[in-house]
Amino acid sequence: PLFVKEGIGEAAPISSMPGQSQHTLESLLKEARELASRGVAGVLLFGVPERKDAGGSESFNDDGIVQRGLRALKDELGDEFVVFADLCLCEYTDHGHCGLVDGDAIDNDTTLATYARIGESQARAGADVVAPSGMMDGQVGAIRSALDDAGFIDTAILSYAVKYASSLYGPFREAGEGAPKFGDRRSHQQGPPNAIEGLREAALDVAEGADALMVKPAIGYLDVLRAVKNRFNYPTAAYNVSGEYSMLLAAAERGWIDERAATIELLTSIKRAGADLIVTYHAKKAAEWLQ
Ligand code: PBG
Ligand code: ZN
């Protein structure tokens with residue numbers, strides 16, 4: 001995962017995620033080139049816009065920061081390097097929610113039309129894959145038909161199919177500047193004790209045309225990952241989230257665990273549980289260690 005931020009003159013380190021930064025367009029390309037040279041297959045791009053509003057309008061601006069980042073990455077790194085665009089509203093709305101709000105509630109169905117516009121705009125900017133992360137019901141279907149209608153029949157959808165309302169997203173919310181200003185995400189993200197709902201969520205996304213399914217977080221949810229892999233036998237992704245990363249790095253900084261050994265062991269566990277694709281902040285170092 002990489003973050004590109006509008007309006008900054010140089011990369012800004014994220015204090016809660018050692019080794020990670022909010023990037024300028026320039027430092028984004030530098031980092032992506034470095035990742036590609038180490039054998040990382042692609043990046044998942046998040047945008048942090050300067051201007052936020054209730055409707056998250058910067059998210060579907062063809063000249064928005066994420067669109068500029070996507071274009072630059074595709075131009076620079078070419079076809080072999082896969083560019084995923086995170087598709088959500090929380091970095092773009094002034095209230096920090098992943099959907100449009102109506103009073104205190106997230107309005108699922110009006111949000112879908114905005115997601116469709118974002119998907120189209122990201123595809124136009126060159127995204128190979130769009131990855132809707134907002135957990136609105138019907139998001140995969142809405143985005144798929146918008147992409148098809150606009151002629152982007154080859155743009156794939158990696159759906160965050162199974163996403164828990166986790167306590168491990170905190171550092172990410174600093175990086176993406178997308179923490180909710182009120183309430184939480186429990187009306188649409190899943191409850192940690194529930195294993196069955198994840199399979200229902202994944203089945204809906206398969207029916208709506210998802211090309212790959214993601215489970216998030218990864219390490220605490222390896223049972224769910226294995227169940228999704230076995231049930232659907234789809235390309236299956238796991239998101240090794242910010243809190244998982246930061247816990248490991250914090251312990252390593254204190255000398256309590258060995259960063260390299262622990263990282264490789266945990267990434268191996270995610271792979272063993274069925275992940276075909278791992279989204280992880282460890283990617284740069286892990287790729288080097290694995291070489
Ligand atoms: C929200 C989103 C989240 C992450 C990616 N997109 C979490 C959230 O705020 O609910 C988490 C990623 C991480 O913790 O690394 N659309
Ligand atoms: Zn979101």
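Predicted model: local features only at pLDDT ≥ 70, side-chain atom pairs only at ≥ 80, totals over all residues.
Local features need pLDDT of at least 70 and side-chain atom pairs count only at pLDDT 80 or more, while totals for chains, interfaces and linings use all residues. Residues are numbered from 1 along each chain as its sequence is written, chains are lettered from A and ligands numbered from 1 in the order written, and side-chain values use heavy atoms, without hydrogens and water.

The zinc ion (ligand 2) has Cys88 (SG), Cys90 (SG) and Cys98 (SG) as its protein donors, at 2.2 to 2.3 Å; donors are N, O and S atoms within 2.8 Å of the metal (3.2 Å for Na, K and Ca). Their sequence spacing is C-x1-C-x7-C. Because the four donor atoms subtend angles of 99 to 125°, the arrangement is tetrahedral (all angles between 85 and 135 degrees). Both Cys90 and Cys98 are buried (under 20% relative accessible area, 1.4 Å probe, protein chains only).

Ligand 1 is surrounded by 17 residues, the closest being Arg173, Gln189, Lys216, Ser242 and Tyr281 (a heavy atom within 4 Å). Polar contacts (pairs of N or O atoms within 3.5 Å) include these:

| Side chain | Ligand 1 atom | Distance |
|---|---|---|
| Lys163 | nitrogen | 3.3 Å |
| Ser242 | oxygen | 2.7 Å |
| Tyr281 | oxygen | 2.6 Å |

Taken alone, ligand 1 exposes 400 Å², of which the protein buries 100% (Shrake-Rupley method, 1.4 Å probe).

How values were computed. Tetrahedral: all angles 85-135°; square planar, octahedral: opposite > 155°, others 65-115°. Buried < 20%, exposed > 50% of the residue type's maximum accessible area, 1.4 Å probe, protein only. Polar contact = N/O pair within 3.5 Å; in protein donor to acceptor, adjacent residues only side chain to side chain.
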